[in-house]
Amino acid sequence: MNVHFNNINSTQSSSRTVGLQVLVFKTNLRHKKDLRQVSPVLNSAPGILKWNVDQADVDKVLRIEAMQLTEEDVITLVTGAGFCCEALPD
């Protein structure tokens, strides 16, 4: 089951052109309550345009489409919400 969320953040800087990034992470976001807990954090993060979690995947893969965001930024957000998050190689 894929759970999709969209977040269009109006606070992004338009003065600098940066390409769209797709960042992929292994997480322990297993349950709906986990998604409810992490949603406000990811939805309010500047730079995140869209995110989803593949709950059917054994690695509970978090996929993020973002502008001006690093893997470390996402790991800090997700771990700060109390969950494990590890970047997956390309």
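The following questions and answers concern a predicted model of one protein.

Student: In what pattern do the helices and strands follow one another along the sequence?
Tutor: The protein holds two helices and five strands. Read along the sequence, these elements give the pattern β-β-α-β-β-α-β.

Student: What share of the contacts with a separation of 6 or more comes from residues 24 or more positions apart?
Tutor: A contact here is a pair of heavy atoms within 4.5 Å. Among contacts in the protein with a separation of 6 or more, the share from residues 24 or more positions apart is 69%.

Student: What percentage of the residues count as buried?
Tutor: A residue is called buried when its relative accessible area is under 20%. The protein has 90 residues, and the part of them that counts as buried is 34%.

Student: How much of the accessible surface belongs to carbon and sulfur atoms?
Tutor: The accessible surface of the protein comes to about 5,400 Å². Of that surface, the part belonging to carbon and sulfur atoms is 51%.

Student: Is Ile64 buried or exposed?
Tutor: Ile64 lies in strand E4. Residues that it touches, leaving out those up to four places away in sequence, include Val22, Phe25, Leu42, Trp51 and Val74. The relative accessibility of Ile64 is 0%, so this residue counts as buried.

Student: How far apart in space are Ile64 and Leu49, C-alpha to C-alpha?
Tutor: Ile64 belongs to strand E4. In sequence, Ile64 and Leu49 are 15 residues apart. In space, their C-alpha atoms are separated by 7.6 Å.

Student: How many salt bridges does the structure hold?
Tutor: Side chains of opposite charge can pair when their charged atoms come close. For a salt bridge, a side-chain nitrogen of Lys or Arg has to be within 4 Å of a carboxyl oxygen of Asp or Glu. In this structure the number of salt bridges is three.

Student: How many residues apart in sequence are the parts that Lys26 and Asp59 tie together?
Tutor: The side chains of Lys26 and Asp59 meet in a salt bridge, at 4.0 Å from N to O. Lys26 is in strand E2 (residues 21-27) and Asp59 is in the loop between E3 and E4, so the pair joins parts whose separation in sequence is 33 residues.

Student: What is the relative accessible area of Asp59, the partner of Lys26 in a salt bridge?
Tutor: Lys26 is partly exposed, with a relative accessible area of 35%. Asp59 is partly exposed as well, and its relative accessible area is 24%.

Student: Which residue forms a salt bridge with Lys33?
Tutor: Lys33 is exposed, with a relative accessible area of 52%. The closest N and O atoms of the pair are 3.6 Å apart, and the partner is Asp34.

Student: Which residues does Asp34 touch, not counting those up to four places away in sequence?
Tutor: Asp34 has its place in helix H1 (residues 32-43). Asp34 is buried because its relative accessible area is 6%, and the cut-off for buried is under 20%. With residues up to four places away in sequence set aside, Asp34 touches Asn28, Leu29 and Phe83.

Student: How far apart are the closest N and O atoms of Arg63 and Glu65?
Tutor: Arg63 counts as partly exposed at 31% relative accessibility. Glu65 counts as buried at 18%. These two residues form a salt bridge, and the distance between their closest N and O atoms is 2.9 Å.

Student: What is phi of Lys60, a residue other than glycine?
Tutor: Lys60 is found in the loop between strand E3 (48-54) and strand E4 (61-66). Lys60 is buried, with a relative accessible area of 15%. Its phi is positive, at a value near 45°.

Student: What is phi of Gln68?
Tutor: Gln68 has its place in the loop between E4 and H2. Gln68 is partly exposed, with a relative accessible area of 38%. Although Gln68 is not a glycine, its phi is positive, at about 55°.

Student: Which residues gather in a patch of negative charge on the surface?
Tutor: One member is in helix H2 (residues 71-80), namely Glu71. Glu71 counts as partly exposed, at 30% relative accessibility. The residues of the patch are Glu71, Glu72, Asp73 and Asp90.

Conventions:
Residues are numbered from 1 along each chain as its sequence is written. This is a predicted model: local features need pLDDT of at least 70, side-chain atom pairs count only at pLDDT 80 or more; totals for chains, interfaces and linings use all residues. Side-chain values use heavy atoms; hydrogens and water are left out. Patches are made of residues with over 30% relative accessible area and no salt bridge: like charges are joined within 9 Å, nonpolar side chains (Val, Leu, Ile, Met, Phe, Trp, Tyr) within 5 Å. Accessible areas come from the Shrake-Rupley method with a 1.4 Å probe; for residues, only the protein chains shown count as cover. Lys and Arg count as positive and Asp and Glu as negative; His and the chain ends are not counted. The place of a charge is taken as NZ of Lys, CZ of Arg, CG of Asp or CD of Glu. Helices (H or I, at least four residues) and strands (E, at least two) are DSSP runs, numbered from the N terminus. Buried means under 20% relative accessible area, exposed over 50%, partly exposed in between (1.4 Å probe, protein chains only).
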